Amino acid sequence: MKWRVLKGLCMLLIVLSCKHTEIIEKSQGYEISAAFEGQKKSTLVKRDIAYSPQWQNSIDFEGTTYVPLTTDKRISSFTSDNIKYSLDGNIWLKGKRNSNEWKFSIVTVLPNDVDNNKESGILLSEDWKTGKLSYKGYIGDKLFSPKNYVLKMKSRADINLKAVGSVQCKMLLREVCAGSGSDERCNRWFVRVCEDAEEDGNIETPNDEAGDGGGGSPGGGNSGDTNTPPIIPPKKNAVETFNSEIDDTNLLDCMKGVLGALKTLPGNTVADIIKKFSGELPGYRLSFEQKFIGGDAGLGQTAWVDNVIKNGYVTINFNSNRDVIQNATDVAVAATMLHESVHAYLYAYYKDDPTSATADYPELFRKFIVKKSGINSNTTQHNVMAKIFIDDIAASLIEYGKVEGHNMDDSFYKDLAWKGLTETDAFKSLNDIDKKRIINTIYAEQYGVERESTKRKGNKLGC
């Protein structure tokens, strides 16, 4: 009996301890977010970029809180070799509490080598209140003052010294873009940033030559935060980069969630589909937008590709005509997005051939399949290749369905994967029963039209 009572008391203490910890964590999270909101109103800096902290992904490191920031504009920087790279995932809010006051700054990670972010680079810091810029260097997991950073970098024969810059100050090229497609506007400018003596007092000093962060200077300059915070982003592969640069700013809000999911399906993303189809990732970026086409002509236009590449973007438009989209399901829109992404690739591939570039998707698809399979191939081989591609689209839709919690058979997704290619020879080679079932499935998911008892199965987006 005593044992049971003691066991019960222990369990109660554990539960209360967990609850107490949870309350403290929530309280701390509220405190920093409330402090930042207060300082947003008192800052002396007029910023044309809106920063949104992702509080749920905060990292506490050596008494400092780091919060990833998203922005309302696309921000890029350049390496010393003039290689442009996106700063998406590289911008953080740094918050540190001193007594009863919080100090905030925007920290931007600028690696020397975008193929090896963690090796070395600088952390650009902008004081939230004053806008004052300063920087620290990082090599691996250690931070250094600007002067010592240069000394360390010069001792590393494997580092391109052009990336080091001057000891006292750096000139950093930045680019900020807003809008997309034909409406995209970009500005570039150089930012001059110098070392901050106040900041340098807490990191490795020029007197420390014993290694990457080892030892310490006689004056005690090692007393502060000498370790690189865990905010250096891992290297993005080409697929991740392509997906992250897809612009949905002007896409219908009801469709943004579908595109967001398609960008994150392992091995089945938008970029993966293009690569499986073509064998490569293109040099352009994708933009998804909305445009209105009314009348009878609009009823047959679900989505299309603009026959122009502007500012490096190929634009895919969705018809905002309610007669076209009001009954569309998420899986129908997902299928269209995947197919139109390939359509965009085909347009870019044939853009220097005026006749081909203006052809519709099924015709461009047929032409590319013939070219890819070889001039001596036959119709059967073309159809086999087309069906392999349909299986790839279906695989992405199946994974999308799992993420969204759908409970449909794989055969449903394989039928829907033909959406957009029902005019191809490959589709026409199917038997009549299969063709009818596929067409009925497409009509049910796109327009909510039930044919021969074929009911809608996806989630109506309500656009």
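In sorting lining residues, Ala, Val, Leu, Ile, Met, Phe, Trp, Tyr, Cys and Pro count as nonpolar, Asp, Glu, Lys and Arg as charged, and the others, Gly among them, as polar. The model is predicted, so that local features need pLDDT of at least 70 and side-chain atom pairs count only at pLDDT 80 or more, whereas totals for chains, interfaces and linings use all residues. Residues are numbered from 1 along each chain as its sequence is written, and side-chain values use heavy atoms, with hydrogens and water left out.

A pocket is, on a 1 Å grid over the protein atoms alone, an open set of points where a 1.4 Å probe fits, with protein on both sides within 12 Å along at least five of seven lines, and its lining residues have an atom within 4 Å of a point. Grid points are joined across faces, edges and corners, and the volume is the space filled by probe spheres set on them. The second largest pocket holds about 660 Å³ of space, and its lining of 27 residues has Gly-300, Thr-302, Glu-340, Lys-419 and Gly-420 nearest the centre. That lining divides into 12 nonpolar, 11 polar and four charged residues. Helix 15 gives the most to it, with five residues; helices (H or I, at least four residues) and strands (E, at least two) are DSSP runs, numbered from the N terminus.

The largest pocket contains about 1300 Å³ of space and is lined by 46 residues, with Ser-86, Asp-88, Lys-236, Ser-244 and Glu-245 nearest its centre. Among the elements that give two or more residues to this lining are strand 3 (64-71), strand 11 (169-178) and helix 5 (253-262), while the largest share, five residues, comes from helix 4. Here the division is 14 nonpolar, 16 polar and 16 charged residues.

Turning to the sheet, three strands form an open arrangement in the order 13-15-14 with mixed pairing, where two strands pair if DSSP finds at least two bridges between them. Strand 13 (285-291) and strand 14 (303-310) each have a single partner strand and stand at the edges, so one side of each is left without a neighbour in the sheet. Strand 14 and strand 15 (residues 313-319) run antiparallel and are joined by five bridges, and Ile-309 stands opposite Val-314 in strand 15. Helix 9 (residues 330-349) packs on the sheet, touching strand 13, strand 14 and strand 15, contact meaning heavy atoms within 4.5 Å. The direction of helix 9 makes about 35° with that of strand 14, with axes fitted to C-alpha atoms, for helices over the stretch in contact, and angles running from 0 to 180 degrees between N-to-C directions.
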